[in-house]
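Please keep the sequence and the structure open while reading.

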Amino acid sequence: MIHPVVIIISIFAVIIVSALGTALIRRRIFTRTYGALMTRDYPAFFREVDSKGMMSMFPEYVRDNLKLTAYMEMKDSGKVTETFNRMMKDGADDARKGDLLVRGFQYFSGEKDRKKVRKILEKMEQVMDRDISEKYRRHYEILFERSGKYIPELEKEVPLHQNRMKGYLQFLLARSYR
């Protein structure tokens, strides 16, 4: 008869080995997929992201997030819209929706798609913290509605920042003066 301690140790060993094996496989699959995305090898990326290994190891949200990144880099507005809308409907929590909304806001702002940016902003105001959504409202109103009402606020805020943030605020201020 096998001693109970040996059985318990064997069970833990099998659990540890399978956990390590799964982690290594996940890492290898993700590295291959992400590497194809970073090198802009889109055929290889889409083959990897839709592979059985990727589908079995990663939730749909992760795969869709990677696809969204690829479509944004490819400037495929139709696929971005389709993927973005599907991800918004998947019932993610507010934090995930907030991250997704920020990505959509930035992308469609760059595409100068006022209608989509407006819809995203309305959703941001429902999901995100008020202080954060107000910054996006300011951005929207300055760039798309040519508002000048934020000039005093921006003039006070610009000296408080450095580097990219300062440049961004100066950009908004310059657009406000127009």
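The sections below go through a predicted model.

## Packing of H5 and H6

Two packed helices are described by the angle between their axes and the distance between the axes. Helix H5 (residues 77–89) packs against helix H6 (residues 94–110) with the axes 11 Å apart and at an angle of about 160°. An angle over 145 degrees counts as roughly antiparallel, and H5 and H6 are therefore roughly antiparallel to each other. Their crossing is left-handed.

On the H5 side, the contact is made by Ser77, Val80, Thr81, Phe84, Met87 and Met88. H6 contributes Lys97, Leu100, Leu101, Gly104, Tyr107 and Phe108. By type, the residues of this contact of H5 with H6 are eight nonpolar, three polar and one charged.

## Phe46 in H2

Phe46 is in helix H2 (residues 42–49). Its relative accessibility is 18%, and because the cut-off for buried is under 20%, Phe46 counts as buried. Leaving aside neighbours within four places in sequence, Phe46 is in contact with Lys67, Ala70, Tyr71 and Met74. The C-alpha atoms of Phe46 and Thr33 are separated by 8.2 Å, with the two residues 13 apart along the chain.

Helix H8 spans residues 130–144 and includes Ser133. Ser133 is buried, at a relative accessible area of 5%. Not counting residues up to four places away in sequence, Ser133 touches Leu121, Met124 and Glu125.

Arg138 is also found in helix H8, and at 2% relative accessibility Arg138 counts as buried. Beyond its neighbours within four places in sequence, Arg138 contacts Tyr150, Glu153, Leu154, Glu157, Leu169 and Leu172.

## Salt bridges

Side chains of opposite charge can pair when their charged atoms come close. The whole structure has 14 salt bridges. One of them joins Arg138 and Glu153, whose closest N and O atoms are 2.8 Å apart. Arg138 lies in helix H8 and Glu153 in helix H9 (residues 151–157), so this pair ties together parts that are 15 residues apart in sequence. Arg138 is buried, whereas Glu153 is partly exposed with a relative accessible area of 35%.

Arg130 and Glu134 also meet in a salt bridge, at 2.7 Å from N to O. The two are separated by about one helical turn because they are four residues apart in helix H8. Arg130 is exposed at 63%, and Glu134 is partly exposed at 37%.

Glu141 pairs with Lys149, the closest N and O atoms being 3.2 Å apart. Glu141 is buried at 8% relative accessibility, while Lys149 is exposed at 56%. Salt bridges with shared partners join Glu125, Arg137, Glu141 and Lys149 into one network.

Note on methods:
Residues numbered from 1 in each chain as written. Predicted model: local features only at pLDDT ≥ 70, side-chain atom pairs only at ≥ 80, totals over all residues. Heavy atoms only, no water. Buried < 20%, exposed > 50% of the residue type's maximum accessible area, 1.4 Å probe, protein only. Contact = heavy atoms within 4.5 Å. Axes fitted to C-alpha atoms, helices over the stretch in contact; angles between N-to-C directions. Parallel < 35°, antiparallel > 145°, perpendicular 65-115°, else oblique. Left-handed = near helix turned anticlockwise from the far one by under 90°. Nonpolar A, V, L, I, M, F, W, Y, C, P; charged D, E, K, R; others polar. Salt bridge = Lys/Arg side-chain N within 4 Å of Asp/Glu carboxyl O.
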